[in-house]
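You asked for a colleague's reading of this structure before it goes further. My notes are set out below as numbered points, to be read alongside the sequence and the coordinates.

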Amino acid sequence: MKLTLLPERAQKPRSKGVTMVMDKGLGMSQARDLMSTAAHLIDFIKLGFGTSYVSKNIEEKVRLYQEHNIRVFTGGTLFEAFMVRDQLENYIQHIDNLGLDAVEISDGSVKIPHEKKCEYIELFSRDRLVVSEVGAKEAGVTMDHKEWILQMNNELEAGSSFVIGEARESGTVGIYSHNGKADNSLIDDILKEVPKEKIIWEAPLKPQQVWFIKTMGADVNLGNIAPFDAIPLETLRLGLRGDTFFDFLPDNLQHLKLE
Amino acid sequence: MKLTLLPERAQKPRSKGVTMVMDKGLGMSQARDLMSTAAHLIDFIKLGFGTSYVSKNIEEKVRLYQEHNIRVFTGGTLFEAFMVRDQLENYIQHIDNLGLDAVEISDGSVKIPHEKKCEYIELFSRDRLVVSEVGAKEAGVTMDHKEWILQMNNELEAGSSFVIGEARESGTVGIYSHNGKADNSLIDDILKEVPKEKIIWEAPLKPQQVWFIKTMGADVNLGNIAPFDAIPLETLRLGLRGDTFFDFLPDNLQHLKLE
Amino acid sequence: MKLTLLPERAQKPRSKGVTMVMDKGLGMSQARDLMSTAAHLIDFIKLGFGTSYVSKNIEEKVRLYQEHNIRVFTGGTLFEAFMVRDQLENYIQHIDNLGLDAVEISDGSVKIPHEKKCEYIELFSRDRLVVSEVGAKEAGVTMDHKEWILQMNNELEAGSSFVIGEARESGTVGIYSHNGKADNSLIDDILKEVPKEKIIWEAPLKPQQVWFIKTMGADVNLGNIAPFDAIPLETLRLGLRGDTFFDFLPDNLQHLKLE
C-alpha cells in the first residue's frame with residue numbers, strides 16, 4: 001500500500017523537516033480534529049501574536065497539543081507587548097499559567113538592541129526551549145544580508161533552538177518582498193552561513209511553500225502554516241500534489257511530465 | 001498578569017465597540033468552539049444572506065448564541081427576498097421558527113422607497129431589535145454623502161438600534177471602493193452628522209479593520225467579521241498585533257517603534 | 001414559510017445540479033458539522049490530491065459521508081502518483097481500505113496516452129463509479145476545443161459517469177485563464193457536443209460559481225467547492241444572495257433591481 005520513490009521525511013521527534021503551525025484561536029473540537037488527522041505532521045504550534053491573551057479556555061488545548069508531542073509557544077508580539085511595558089515578570093506568569101515550556105523571542109515591532117535580545121534568549125533558554133525571530137514586521141524595514149546572518153548566528157549561540165525568518169501571517173515582509181515572492185539572494189546568502197536545520201522559514205502562502213520545497217527539498221523547516229494546511233503541506237513535501245509531483249521522481253520518469 | 005496601557009474596551013453588554021460576526025453556515029461543534037473561546041468578544045451574529053433558509057439544524061445554534069448574550073438576526077438579503085415576493089408574513093414565520101428576536105432591514109439588492117423602508121423599520125422595531133443597512137450591494141451604485149446621512153438618521157429615528165455601512169462579505173462596495181479601500185471622505189462626512197455609536201461598519205478584510213481602528217479607536221463598531229477572526233480582531237483593537245502595536249502606547253514609548 | 005418563485009432544483013439522489021466538495025483534511029467534528037447542516041446539498045466529496053495518503057483516521061469520516069448518500073473518491077493526482085510508479089494494485093488496496101466505491105481518473109500531471117486513460121476508465125468502471133478529469137494542471141498547457149470535446153465524449157463512452165473540467169483548487173487553469181476568468185468560447189463549444197448533465201465544472205472561486213449559475217442556471221454541476229461553501233453556493237443557486245438575486249425572478253419584478 002506504500003508508495004515507492006517518495007522523498008525521505010524525518011519522523012517525530014525530528015530535527016529537520018519540522019512544521020510550525022500558527023493557531024489564531026482554534027476551539028477544542030477543531031484542535032481535536034487537527035490532532036486526530038495531522039498531529040504526526042506538526043512539531044510546533046504558535047499561538048499567534050496576542051491571541052492567547054484575549055482567547056478564553058485555551059489551557060486544555062495547550063495540554064492536548066503537548067500530549068501529541070508538539071511544543072507550544074505564544075507569538076513573539078506578545079513577548080514584545082509585555083517587554084515594552086516593562087512587565088516581563090507578568091509575561092512569565094502568563095506563559096506559566098498556560099503551561100508552556102517554549103517561548104518565542106522577537107523584535108518584529110519594537111526596537112531592541114541586539115545584545116539585549118540575546119540576553120533575553122539566554123535568560124529564557126535556561127529553563128525553556130527558545131525560538132527567536134529575525135526580521136521586521138513593518139514593510140520597508142530592511143536589513144543587509146550580513147546583518148541577517150550575524151543576528152541569526154548570535155541568537156543560536158545565545159540559546160535559540162531555531163531562528164525564524166520573519167514573514168508575518170500575510171507572507172509579505174522580511175524574507176519576502178511586498179508581492180509575496182521569496183528574496184532569493186537573501187536566502188541564498190543566509191544558507192551559506194547559517195546551518196539550515198536551525199532555520200524555520202515562515203511560509204504561510206502555498207506558492208511560498210512550493211518555492212521552499214522545490215529549492216530546499218522535502219525536509220525544509222516551514223512555519224506560520226495555517227492549521228488545516230498541515231495536511232496539504234505534507235502532500236507538497238511528498239510530491240503528492242500537482243505543484244511538486246515530478247520534483248522527487250527519478251530521471252527515468254521525467255519524460256512523462258506534462259508540459 | 002494584566003497588561004497595562006491597553007486602550008479601554010467596553011464590556012458586554014456594551015453600546016460601543018461592538019463586533020458583529022457573519023456566520024455563513026457553522027455547525028454545532030464550530031459554534032461551540034466559537035462560544036467557548038470568543039463569546040465575550042461578540043455582540044451580534046448575522047446568519048449571512050439566505051444561508052438560514054438552506055441550512056439544516058440551526059435552531060440549536062441560535063439558542064447557543066443567545067445563551068451567550070449575542071443577538072442573532074438573518075441577513076437583510078433574505079428579508080428582501082421575502083419582501084419582493086410579497087411574503088413578509090412568511091418571513092416573520094421563518095425568523096420566529098428560528099427563535100430570533102432581532103432583524104436586519106436592508107435595500108441592498110431591491111429598490112425600496114426610503115419611506116417604505118422606514119415603515120418596515122418602525123413595524124419590526126415594535127417587538128424586535130432592528131438593525132438596518134444603508135448602501136447598495138451592486139458595484140457602481142453610489143449615493144451622494146447627503147443621502148447616506150439622511151437615510152442613516154431617518155432609519156435611526158424610525159427605530160433602528162444600529163445602522164450598518166454596507167460592504168458585502170467581500171468588502172468592495174458601499175463604504176469601500178472596488179479595490180477595498182475605505183471611502184475616507186464619505187466616512188468623514190457621515191461621522192459629522194450621525195452618532196458614531198449608532199453605526200456598525202462592515203469591515204470583513206483585515207486592512208479595513210486596521211484602518212477603522214487606527215482612525216476611530218479601539219471601540220469602533222465593526223461588522224461582517226468572519227467567525228474565527230473575532231479573536232484576531234480583538235488583538236488589533238488592543239494593540240496586540242503588529243499592525244496597531246504602537247497606536248495605543250503613550251508618547252514616551254513611541255521612539256521604540258521600528259521604522 | 002416557503003419562498004415562491006425559486007428556480008427548480010433537483011433533489012438527492014440527483015443527476016443534474018450536483019455539487020462536488022473538495023475535502024483537504026477535515027476532522028470528524030468538522031465532517032459532522034458539514035453533514036448536519038449541508039448533507040442534502042452535497043453529492044460527491046473528493047479527498048483532494050494526496051491528502052488521503054497523509055491524513056490519519058479518515059475511514060470513519062468516509063463512512064459518515066457515505067451514510068449521507070454522498071459518493072466519496074480520492075483526488076486524481078493520487079491515482080496518477082500510484083500509476084506513474086506502476087503500483088495500481090496498491091492504489092486499489094488504498095481505496096479499498098478507505099471503503100471507497102468511486103474513483104477519479106485523471107491525467108492532470110502525467111502524460112497518459114488517451115487510449116490508455118480510457119482503458120483505465122473501463123477497467124475501474126466495472127465495479128466502481130468513475131469520474132474522469134479532462135485538462136492539465138500546468139498553467140500554459142492547453143488543448144484545442146476539438147480535443148477537449150473528443151476526450152470528454154470518449155471518456156463518457158468508456159464508462160465515466162461524469163467528466164470534470166479541470167480548474168485546480170485555485171481555479172486558474174484548464175477551463176479558466178490564469179486570472180480565473182472562465183474560457184467562454186471553450187465552454188460554449190463543449191456544450192454543443194457533450195451532454196451538459198455529464199459535466200462537472202470545477203469552480204472553487206465565488207465569481208466562477210456566479211458565472212456558471214448565471215450562464216447555465218441553478219442546476220449546473222459544480223465541483224471543487226470548499227466544504228463550508230456548500231451552503232453559500234446553494235444560496236447562489238436559489239437567488240438568495242446579492243449576486244444572483246434577480247436572475248431567477250420573473251419579468252414583472254425586474255424593474256425593482258437596483259442599478
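This is a predicted model: local features need pLDDT of at least 70, side-chain atom pairs count only at pLDDT 80 or more; totals for chains, interfaces and linings use all residues.

1. In chain C, 8 strands form an open sheet, and reading across it gives the order β3-β2-β1-β8-β7-β6-β5-β4, with parallel pairing. The edges are taken by β3 (71-74) and β4 (102-106) of chain C, each of which has a single partner strand, so that one side of each is left without a neighbour in the sheet. From one strand to its neighbour in this sheet the turn is 25 degrees on average, with direction ignored.

2. Strand β1 (residues 19-23) of chain C runs parallel to strand β2 (residues 44-47) of chain C, and the two are joined by 4 bridges.

3. Strand β1 (residues 19-23) of chain B pairs with strand β8 (residues 222-225) of chain B in the parallel sense, over 2 bridges. Within this pairing, B:Val21 has B:Ile225 of β8(B) as its bridge partner.

4. Helices α9 and α10 of chain C. Two packed helices are described by the angle between their axes and the distance between the axes. For helix α9 (residues 206-216) and helix α10 (residues 230-238) of chain C, the angle is about 30 degrees and the axes are 10 Å apart. Since angles under 35 degrees count as roughly parallel, α9(C) is therefore described as roughly parallel to α10(C). Their crossing is right-handed. On the α9(C) side the contact involves C:Lys206, C:Gln209, C:Val210 and C:Ile213, which meet C:Leu233, C:Leu236 and C:Arg237 in α10(C). By class, the residues of this contact are 4 nonpolar, 1 polar and 2 charged.

5. Helices α9 and α10 of chain A. In chain A, the axes of helix α9 (residues 206-216) and helix α10 (residues 230-238) come within 10 Å and cross at roughly 30 degrees, which makes α9(A) roughly parallel to α10(A). The crossing of α9(A) and α10(A) is right-handed. A:Lys206, A:Gln209, A:Val210 and A:Ile213 of α9(A) make the contact with A:Leu233, A:Leu236 and A:Arg237 of α10(A). Those residues divide into 4 nonpolar, 1 polar and 2 charged.

6. Helices α1 and α3 of chain B. The axes of helix α1 (residues 28-38) and helix α3 (residues 59-67) of chain B come within 10 Å and cross at roughly 5 degrees, and α1(B) and α3(B) are therefore roughly parallel to each other. From α1(B), B:Met28, B:Ala31, B:Arg32 and B:Met35 meet B:Glu60, B:Lys61, B:Leu64 and B:Tyr65 in α3(B). This contact has 5 nonpolar, no polar and 3 charged residues.

7. The contact between chains C and B. In this model, 33 residues of chain C are in contact with 38 residues of chain B. The two chains bury about 3100 Å² between them, with 60% of that area on carbon and sulfur atoms. C:Met1, C:Phe245 and C:Leu258 supply 23% of the area that chain C buries against chain B, more than any other three residues.

8. Backbone features worth a look. Which peptide bonds are cis? One of them runs from A:Lys12 to A:Pro13, with omega near -10 degrees, and A:Pro13 lies in the segment before β1 (19-23) of chain A. The bond from B:Lys12 to B:Pro13 is also cis, with omega near -10 degrees, and B:Pro13 is placed in the segment before β1 of chain B. A:Leu5, which is in the segment before β1 of chain A, has phi near 60 degrees, a positive value in a residue other than glycine.

Notes: Residues are numbered from 1 along each chain as its sequence is written. Chains are lettered from A and ligands numbered from 1 in the order in which they are written. Side-chain values use heavy atoms; hydrogens and water are left out. Axes are lines fitted to C-alpha atoms, for helices over the stretch in contact, and angles run from 0 to 180 degrees between N-to-C directions. Angles under 35 degrees count as roughly parallel, over 145 as roughly antiparallel, 65 to 115 as roughly perpendicular and the rest as oblique. A crossing is left-handed if the near helix is turned anticlockwise from the far one by less than a right angle, and right-handed if clockwise. Contact means heavy atoms within 4.5 Å. Ala, Val, Leu, Ile, Met, Phe, Trp, Tyr, Cys and Pro count as nonpolar, Asp, Glu, Lys and Arg as charged, and the others, Gly among them, as polar. Two strands pair if DSSP finds at least two bridges between them. Buried area is the accessible area (1.4 Å probe) that two parts lose on being put together, summed over both.
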